Amino acid sequence: MKEVDKVPSGQQTFNSNKAEKNDRYLIIITAIVTLGGLLFGINTGVINGLLPFMAAKNQLNLSPLLQGVVTSSLTLGAAVGALTTGRFADHYGRKSLLFCLAILFLISNSGCIFAATASWLIGWRFILGLAVGGVSVVVPTYLSEIATPKMRGRMITQNDLMITSGQLLVFCSNALLGNLLAADHNVWRWMMIIGIIPALVLLFGMPAVPESPRWLLSKKQPTAALANLTKLRGNSQVAADELQKIQQSFKQLKTVQTWSWKLLKKPAIRKLFLLGIGLGVIQQLIGINVIMYYGTTILIASGFAHQAALIANISNGVISVIASLTGMHLMTCWPRRKMLLLGIKMTTISLGVIDLSALFFNRLTIFPYIVILLVLVFLFFFQSMVSPTTWVIIAEIFPQKLRGLGVGISTFALWLANFGVGLLFPICLHQFGLGLTFFGFFVINLLAYVFTYRLVPETSNRSLEKVQQNI
C-alpha cells in the first residue's frame, strides 16, 4: 500500500503557532482601529442623558428648537467630516487620517466640556462631528481592505459592536452621574469627560497599525503593500498570491485613477453611488437615532420620571450590545441581503405597534413599559441586522480607487439624514405627540423595505473585486 504523505508533526505545530500569533496580531489591530467606533458611540450617545440637565433654565436654557440644534450640530459636522474625509483617505491613506482624527477628538471633546454658552457648545459639537464622521468612513474602509473575504463581515461588524458598546458605556455613565450628582448644576459637563480616554488610547495605538495594503498598491507602492500584507496574513507566500490577485483585478476592472464628476455619466458608477447613498439614508431615517439621542426624552414623554428614565435607558444600550454580538455571528452564516430585509421588516412591525399602543393605551399606567419593550424589540433587530449590514455593504460595493470617496459620500448622506432626524424630532414630538411622530417613521420603514428588496445586491463571501463585478 502506498504511504500517504503527511506533514511532520513539528511542522504542524509550527504552522499552528504561527497562525495563532497572526490571529492575535489581527485582533490587536482591529481593537485599536475600532476605538474609532467606540468614540463614535460615546459621542453620539452622550447627548441622550445630559440633554435634560443641559437644557435646564439654570444652565443653557434650551428651547425645543435649540435642543435639536445642539443635538444635530454634531451630526451636521459628521456629514461634512464624512464627505471630506473620503477624499483625504484616498489621498493620504487610512492610517494617517485615523491618527489626525484621534487628535481632533481630544481637542473637540475638551472644547465641549468647557463650553460656556449654547453657541460655543454648538460650535464645538460641530467640530466633534467632523471627527465622528471621519471615523465612520475610515474605520469600515480600512477593515474591509485588510480582511479576508470570509472574515470581512465579522470584522466590520466588530466596529458596529464598538459603536453600541460606546453607547452602552455612556448610558451607564450618564445614569450613574445623573443620580449621584443630580444636585450639581454642571453634571452634564462631567458626563462628557468619558470621551477623552479612548481618544488618547487611539492616538498612542495608531503607530502600531499598518497602512492598508490595497491603498499602498493603489499608490504604486507594491513593496510596502506586500510587506504589510505579509504582516496581516502571517505568511509571505499567501500574501504574495493575494497581492497578485489584487493587481490582476485592478487591471481587469480598469479601476478609475482619479475622480471626476463626469464619471457619474457612466450608469455603473452612478448606480454604485445611488445605492450607497440610499443605504446610508434609509439606515438613519428608519429611526434608530431618535432612540439613541432622545431615548431618555421619549421615556419621560411616555410617563417615566427623569431619574428613572436615565436608568431605564441603560436597557437600550444593553440590548444594542447583545444585538451587535448577534449580528457578528449572523454575518458569518447568513447572507447580507436576507439579514437586511428581515431587520427592516421587524423594525417596521415594532414601530407600527408603538403607534397603535400610543393610540389605544396611552392613558394606562402600563403604557411606559409597553413603549420601552417595543423600543427594545426595534433596537435588537436594527442593531443585529440593519446597522451592521448597511455599514458592511457600503464598504464593499465601491472599486478601490473610489472606495474612500464612495464610502465618504454615502456616509455624508447618512449623516445628513441623521442631522434631519436629530433636528426635527424634538419639534415633532412637541407638536404632534409620540404616536403621530412614530407613525412617520413607520411609513419610512415601509419605503426602506421596498428600496432594499428591489436594489440591494448580495455581497457575502466574495472578494471586494468580485463584488464590484457582480453589481
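1. H2 crosses H6 with left-handed geometry in this predicted model. Helix H2 covers residues 35-45, and its axis comes within 9 Å of that of H6, at a crossing angle of roughly 145°.

2. On the H2 side, the residues that touch H6 are Gly 36, Phe 40, Asn 43 and Thr 44. H6 contributes Arg 125, Leu 128, Val 132, Val 135, Ser 136 and Val 139. Sorted by class, the H2 contact with H6 comprises five nonpolar residues, four polar and one charged.

3. H6 also packs against H4. Helix H4 spans residues 64-92 and helix H6 spans residues 118-146.

4. The crossing of H4 with H6 is right-handed, whereas that of H2 with H6 is left-handed. The residues in the contact between H4 and H6 comprise 17 nonpolar, nine polar and one charged.

5. On confidence, the protein chain has a mean pLDDT of 81, with 84% of its residues at 70 or more. Residues 1-5 have pLDDT below 50, and this stretch makes zero contacts in the model beyond near neighbours in sequence.

Conventions
Residues are numbered from 1 along each chain as its sequence is written. This is a predicted model: local features need pLDDT of at least 70, side-chain atom pairs count only at pLDDT 80 or more; totals for chains, interfaces and linings use all residues. Side-chain values use heavy atoms; hydrogens and water are left out. pLDDT is the predictor's confidence in each residue, from 0 to 100. Contact means heavy atoms within 4.5 Å. Axes are lines fitted to C-alpha atoms, for helices over the stretch in contact, and angles run from 0 to 180 degrees between N-to-C directions. Helices (H or I, at least four residues) and strands (E, at least two) are DSSP runs, numbered from the N terminus. A crossing is left-handed if the near helix is turned anticlockwise from the far one by less than a right angle, and right-handed if clockwise. Ala, Val, Leu, Ile, Met, Phe, Trp, Tyr, Cys and Pro count as nonpolar, Asp, Glu, Lys and Arg as charged, and the others, Gly among them, as polar.
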